[in-house]
Each structure stands twice: as structure tokens, then as C-alpha cells.
Amino acid sequence: PGHQPTSKQDGCQECPQGQFSENGEPCRPCLIGHYTTGTGFDECLPCPAGYYADISRTLCLPCAAGTS
């Protein structure tokens, strides 16, 4: 988990930050509202209430006042 096959199928590489992989499948971007704090994740973390994930899905940012 958290890794995908290399392009030559001769090894594995960690998923980059903002992406995840389950069971050695190709890495996928985190869903909206989720993020990862590093490489090699097998699932993304949800942002806390009142926050949203930036476009790269690498950190959570506070929502603007009056929004959610």
C-alpha cells in the first residue's frame, strides 16, 4: 500500500504527496476535502471541519469567513 509499480514494472515507487494507492494499484489523487502529509500513503486524511484541501491535496487551509 502507498506504492505503485514503476513504469517498467520492475519495482515499486512511493505515491507522491497528495496521492494514495491501495493494494499496489496506480496512485490516485486524494478526493476533494482530503490530503496527505507525505509520500507513500495508502489513504488520504480528511480535512477538519472549517478547512478545505488545497489544489495539490497536500495541506488543509481555513475556509473564508461565512463559508464552509
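Trainee: Is C47 buried or exposed in this predicted model, and what is its relative accessible area?
Mentor: Under 20% relative accessible area counts as buried. C47 falls on that side of the cut-off, so call it buried, with a relative accessible area of 14%.

Trainee: Which cysteine does C47 pair with?
Mentor: The S to S distance in this disulfide is 2.0 Å, and the torsion about the S-S bond is about -85°, so the link is left-handed. C47 sits in the loop between β6 and β7 while its partner is in strand β8, so the pair ties together parts 13 residues apart in sequence. The partner of C47 is C60.

Trainee: And what is the relative accessible area of C44, which is in a disulfide with C30?
Mentor: The sulfur atoms of C30 and C44 are 2.0 Å apart. C30 is in the loop between β4 and β5 (34–35), and C44 is in the loop between β5 and β6 (45–46), 14 residues apart. C30 is buried at 4%; C44 is buried too, with a relative accessible area of 14%.

Trainee: What is the pairing if you number the bonded cysteines in sequence order?
Mentor: The count comes to three disulfides. One of them joins C15 to C27, another C30 to C44, and another C47 to C60. In sequence order, that gives 1-2, 3-4, 5-6.

Trainee: R57 is buried, so which side chain of opposite charge is nearest?
Mentor: R57 is in the loop between β7 (51–53) and β8 (60–62), and at 17% relative accessibility it counts as buried. Its contacts beyond four places in sequence include C30, H34 and Y35. R57 has no salt bridge, and the nearest side chain of opposite charge is 6.3 Å away: D54.

Trainee: What is the phi of R57 near?
Mentor: Most residues other than glycine have a negative phi. R57 has a positive value without being glycine, with phi near 60°.

Trainee: Which side chain makes a polar contact with that of E22?
Mentor: E22 lies in the loop between β3 (19–20) and β4 (28–29) and is partly exposed, at 37%. Leaving out residues up to four places away in sequence, E22 touches R28 and D42. The polar contact, at 3.4 Å, is with the side chain of R28.

Conventions
Residues are numbered from 1 along each chain as its sequence is written. This is a predicted model: local features need pLDDT of at least 70, side-chain atom pairs count only at pLDDT 80 or more; totals for chains, interfaces and linings use all residues. Side-chain values use heavy atoms; hydrogens and water are left out. Helices (H or I, at least four residues) and strands (E, at least two) are DSSP runs, numbered from the N terminus. Buried means under 20% relative accessible area, exposed over 50%, partly exposed in between (1.4 Å probe, protein chains only). Lys and Arg count as positive and Asp and Glu as negative; His and the chain ends are not counted. A salt bridge is a side-chain nitrogen of Lys or Arg within 4 Å of a carboxyl oxygen of Asp or Glu. Contact means heavy atoms within 4.5 Å. A polar contact is a pair of N or O atoms within 3.5 Å; within protein, one must be able to donate a hydrogen and the other to accept it, and residues adjacent in sequence count only if both atoms are side-chain atoms. A disulfide is a pair of cysteine sulfur atoms within 2.5 Å.
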